Amino acid sequence: MTARAVLKMGDARLLEPARPVAAFNTPELHALVADMRDTMQALNGAGLAAPQIGVGLQVVIFGVAKNPRYPEAEMVPDTVLLNPVLEYPGDEMEDGWEGCLSLPGVRGKVPRHKRLRYRGHDLAGQPIDRTVSGFHARVVQHECDHLNGILYPMRMTDMRQFGFTEVLFPNLAPMEE
Ligand code: NI
């Protein structure tokens with residue numbers, strides 16, 4: 001499989017809503033997800049949505065292993081999520097820093113729902129139903145926004161909290177969402 005080029009902000013394809021996946025467990029879907037995994041790993045990402053490689057389908061992948069370089073980052077299980085549906089138990093919001101492979105080199109502080117219930121299907125069509133919080137909830141909200149043509153700066157409420165990663169976090173290697 002192949003690491004694919006990631007579309008950057010400004011490309012109109014990142015602003016289009018994605019279509020639901022109609023059939024699970026197909027060779028085409030497996031090939032798409034393999035390419036997405038290779039792309040995410042090559043760029044050290046925490047997640048990737050299919051529209052970011054120009055495929056307008058409701059497919060996101062995400063996962064964060066325990067990494068000694070990010071001692072405070074919570075672990076997120078490696079997940080393939082198709083046709084996601086999100087709910088927000090409790091309605092509580094919190095701010096956190098985000099990056100995106102479609103906006104390389106910059107970070108912004110983004111308000112997100114603190115608690116998230118997400119449902120959908122895995123590659124084989126098995127149902128997924130998880131209620132999560134914190135960083136895990138943030139990553140999933142960020143990736144699923146891509147399926148609705150939303151990039152994180154469109155969620156920001158204070159553009160003063162937006163800048164270059166190397167300036168904001170001079171001691172951290174980049175990890176992008
Ligand atoms: Ni992103």
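Is Cys100 buried or exposed? At 0% relative accessibility, Cys100 counts as buried, where buried means under 20% relative accessible area, exposed over 50%, and partly exposed in between, with a 1.4 Å probe and protein chains only. The model is predicted, so that local features need pLDDT of at least 70 and side-chain atom pairs count only at pLDDT 80 or more, whereas totals for chains, interfaces and linings use all residues. Residues are numbered from 1 along each chain as its sequence is written, and side-chain values use heavy atoms, with hydrogens and water left out.

The nickel ion is coordinated by Cys100 through SG and by His142 and His146 through NE2, at 2.1 to 2.3 Å. Donors are N, O and S atoms within 2.8 Å of the metal (3.2 Å for Na, K and Ca); because water is not among the atoms, sites may look incomplete. Along the chain, the donors of the nickel ion follow the spacing C-x41-H-x3-H. Cys100 lies in the loop between β4 (93-98) and β5 (106-113), and His146 in helix α2 (residues 134-146), so that the pair, 46 residues apart, links distant parts of the chain. Helices (H or I, at least four residues) and strands (E, at least two) are DSSP runs, numbered from the N terminus. His146 also counts as buried, at 2% relative accessibility.

Five strands form an open sheet in the order β1-β2-β3-β6-β7, with antiparallel pairing; two strands pair if DSSP finds at least two bridges between them. Because β1 (47-49) and β7 (127-133) stand at the edges with a single partner strand each, one side of each is left without a neighbour in the sheet. Strand β6 (residues 115-121) pairs with β7 in the antiparallel sense over seven bridges, and Pro127 in β7 is the bridge partner of His121.

Helix α1 (residues 27-42) packs on the sheet and touches β1, β2 (59-64) and β3 (76-87), its direction making about 40° with that of β2. Helix α2 packs on the sheet as well, touching β1, β2, β3, β6 and β7, and its direction makes about 60° with that of β3. Contact means heavy atoms within 4.5 Å; axes are lines fitted to C-alpha atoms, for helices over the stretch in contact, and angles run from 0 to 180 degrees between N-to-C directions.

Leu7 is found in the segment before α1 and counts as buried, at 12% relative accessibility. Leu7 and Leu103 are 96 residues apart in sequence and 9.0 Å apart in space, C-alpha to C-alpha.
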